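Subject: Structure for you, with notes

Hello,

Please open the structure below and keep it on screen while you read. My notes follow it.

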Amino acid sequence: MRPNVVTSALAPVAVSPVIRQGVTTLAFAAALLIVFTVPGYEVTNWSSVWASVGLMVLAMAFAVAFSTTESKTHWTIIIPVISLMAIGVSRAGTGSLFTVVAILPLLWMASEEGRRWVVLAIVTTAASFSLEATWYGHVHSAEMAETFFTALVFGLAAIIINEITRRSRNRIEANRALMEQRETMLAQAVEYVRQLRENERRLQSAEQIARTVLDSATMQAVVGTNLTGTIDVWSDGAVSMLGLSAAEAKGKWHIYEFHDADELENRARELNYPAGATVLNPGFSALVETARLGGGELYDWTWVRADGSRFPAKVAVTPRIGDDGDLNGYIFVGTDITEQKEVAKLQDDFVGLVSHELRTPLTSVLGYLELLRDDPDEPLSDLQKQYLDVAERNANRLLHLVGDLLFTAQVASDKFPIEIADVDLRAVIAASIDTARPSSRATNVLLLYTEPQEPVVISGDVMRLGQAVDNLLSNAIKFTPRGGTVTLTLEPADDTVMISVKDTGMGIPADELELLASRFFRASTATRNAVQGVGLGMSITKAIVTSHRGQLDVESEVDVGTTFRVTLPVHIPDEEPAA
């Protein structure tokens with residue numbers, strides 16, 4: 001920043017002692033010239049004249065000496081004191097002409113900062129003017145009165161000069177402080193403007209990036225609305241997906257007009273949202289209520305195009321927060337899942353078809369294998385029995401896989417029945433551990449479990465709950481290297497029970513945890529380590545837990561281990577509780 005010229009101009013100017021004393025010396029010399037050349041003036045005492053000249057030269061020498069030093073010192077006040085003494089001595093030899101010269105050193109002393117210098121000026125002036133009487137050794141009352149009167153007048157003048165100087169100095173200081181404050185404010189304003197321009201540049205850049213991202217998201221429809229659902233943001237993806245241009249949609253359509261009205265009303269009844277939660281229809285309330293409360297929601301809806309055609313869409317709804325931190329609208333990101341739905345339906349049809357087509361021949365194969373084994377007319381050799389055992393074991397394995405496929409098809413079609421009865425989870429877990437024990441011993445995996453002393457009874461399907469625990473234990477043992485540990489715990493609470501299965505296995509990547517419940521999904525760590533499986537166990541377990549109104553949670557870290565937690569209610573309500 002360049003120097004503050006105005007502030008520097010307001011700073012008090014320090015006059016050099018040489019200049020100040022030079023003016024006094026020049027006036028003193030002029031007075032001597034008048035005394036020596038003008039008739040009517042005469043020198044009555046030459047010794048006093050030469051003494052005054054010597055004193056004035058001494059004062060000038062001090063002025064030169066003090067001018068060569070960089071630091072300011074109050075000892076410079078000795079210069080006007082010597083000058084006043086020189087003027088007083090000269091009065092003793094020439095008369096009162098030099099009295100007027102005393103004004104100059106008096107001004108010097110009176111203009112210094114502080115009242116003490118006024119006192120010094122008065123005392124020094126009075127002493128200087130009394131030197132004439134002291135020099136001659138006699139004192140006349142009239143002369144003394146004139147001397148002290150003159151000293152008094154000069155003292156009063158010194159007081160006035162000091163006060164004027166003080167006020168001027170204070171005014172200059174105030175002005176300088178004001179100018180410094182103004183300059184500081186100016187600098188702050190300049191910095192604020194710079195920051196505004198920088199923020200504006202960043203905002204423009206962010207808007208450009210947002211616009212680029214918005215325009216490039218052609219596979220998703222990005223729609224923004226205000227609090228009433230009126231559309232004010234409409235991406236290119238929304239144009240192609242919903243059949244309206246941005247000009248046609250913005251400010252003229254509401255987001256709920258692209259939703260199936262019956263779905264919105266049914267969803268509103270399911271959620272049982274608070275009365276008056278939004279200002280529009282119940283369907284729109286159900287659509288945005290989670291976002292209104294500050295959360296986000298991903299839900300499957302049926303979207304209706306401008307031409308009336310319908311398609312399934314997965315829609316994410318998030319709150320839209322303004323600069324003031326208040327909610328000012330909502331953002332909807334919709335993805336057309338028509339193809340996913342068709343693929344899922346084809347997958348379900350294929351699974352059902354294959355399962356039914358495989359179940360009958362497998363049952364027949366197992367039946368004929370049993371006939372071969374039990375035929376008394378043609379007993380089998382040991383080698384033939386060994387072959388039959390292998391065939392029977394693999395057929396049973398295929399039949400179990402077919403059962404899992406049929407079960408997942410039932411879950412996908414919402415035809416998954418459970419038989420509710422009182423179940424002691426201790427017995428369920430004990431049976432699962434007995435089943436898993438041979439596998440854990442074969443793979444050298446330590447299986448730990450401490451059974452609660454009291455019964456842990458809940459409402460549930462004993463067979464399905466056992467199947468869920470079997471899946472968790474078998475997966476934990478299968479994904480744990482030799483020498484590892486699998487720990488199972490059963491922790492009852494007031495209204496819930498938690499079953500926890502923790503292993504020290506290979507773990508699951510964080511970005512794959514949400515996919516564990518998908519059919520046929522296998523974690524990358526499983527495929528990388530060539531662990532056998534088809535990816536149905538966790539989807540079946542998730543379905544069983546959900547059917548019991550429970551919750552399945554998972555925590556995992558690669559190469560550290562995985563923990564599955566199943567939280568089940570003690571009593572299953574007759575109807576699904578409202579969200």
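In which strand is Asp300 found? Asp300 is in strand E3. More on that residue comes further down.

First, the ground rules. This is a predicted model, in which local features need pLDDT of at least 70, side-chain atom pairs count only at pLDDT 80 or more, and totals for chains, interfaces and linings use all residues. Residues are numbered from 1 along each chain as its sequence is written, and side-chain values use heavy atoms, with hydrogens and water left out.

**Overview**

The protein has 18 helices and 12 strands. Helices (H or I, at least four residues) and strands (E, at least two) are DSSP runs, numbered from the N terminus. There are 579 residues in the protein, and 36% of them count as buried. Buried means under 20% relative accessible area, exposed means over 50%, and partly exposed is in between (1.4 Å probe, protein chains only).

The protein exposes about 33300 Å². Carbon and sulfur atoms supply 59% of that area. Accessible areas come from the Shrake-Rupley method with a 1.4 Å probe; for residues, only the protein chains shown count as cover.

Now take contacts, meaning heavy atoms within 4.5 Å. Among those between residues at least 6 apart in sequence, 65% join residues at least 24 apart.

**Asp300**

Back to strand E3, where Asp300 is found. Asp300 is partly exposed, with a relative accessible area of 34%. Leaving out residues up to four places away in sequence, Asp300 touches Ala313, Lys314, Ile337 and Lys341. Look at Lys314 in particular. Asp300 and Lys314 are 14 residues apart along the chain, yet their C-alpha atoms are separated by 4.4 Å.

**Salt bridges**

How many salt bridges does a search of the whole structure find? It finds 10. A salt bridge here is a side-chain nitrogen of Lys or Arg within 4 Å of a carboxyl oxygen of Asp or Glu. Three of them are worth a look.

- Arg310 pairs with Asp260, and their closest N and O atoms are 2.2 Å apart. Arg310 lies in strand E4 (residues 310-321) and Asp260 in the loop between helix H10 (246-249) and helix H11 (261-271), so the pair ties together parts that are 50 residues apart in sequence. Asp260 counts as buried, at 13% relative accessibility.
- Asp336 pairs with Arg305, with the closest N and O atoms 4.0 Å apart. This pair links distant parts of the chain, 31 residues apart: Asp336 is in strand E5 (residues 327-336), and Arg305 is in the loop between strand E3 (297-304) and E4. Asp336 counts as partly exposed at 30% relative accessibility. Arg305 also counts as partly exposed, at 25%.
- Arg426 meets Asp424 through their side chains (3.6 Å, N to O). Arg426 counts as buried at 17% relative accessibility, whereas Asp424 counts as partly exposed at 24%.

**A nonpolar patch**

Phe149, Leu152, Val153, Leu156 and Ile159 make a nonpolar patch of about 460 Å². Patches are made of residues with over 30% relative accessible area and no salt bridge: like charges are joined within 9 Å, nonpolar side chains (Val, Leu, Ile, Met, Phe, Trp, Tyr) within 5 Å. Ile159 sits in helix H8 (residues 141-216). Ile159 is partly exposed, with a relative accessible area of 38%.

**The cavity**

Rolling a probe the size of a water molecule over the atoms shows where empty space is left. On a 1 Å grid over the protein atoms alone, a cavity is a set of points where a 1.4 Å probe fits but cannot get out; lining residues have an atom within 4 Å of a point. Grid points are joined across faces, edges and corners, and a volume is the space filled by probe spheres set on the points.

The whole structure has one cavity of 30 Å³ or more. The volume of the largest cavity is about 60 Å³. Its lining includes Leu425, Leu465, Ala468, Val469 and Leu472. Helix H16 (462-478) and strand E12 (561-569) each supply at least two lining residues. H16 gives the most, with four.

**Two positive phi values**

Most residues other than glycine have a negative phi. Asn444 has a positive phi, near 55°. Asn444 lies in the loop between helix H15 (425-442) and strand E7 (446-449), and is partly exposed at 46% relative accessible area. Asp559 has a positive phi too, near 65°. Asp559 is in the loop between strand E11 (551-557) and E12, and is exposed at 65%.

Best wishes

Methods. 1 Å grid on protein atoms, 1.4 Å probe; cavity = no way out; pocket = protein on both sides within 12 Å on 5 of 7 lines; lining within 4 Å.
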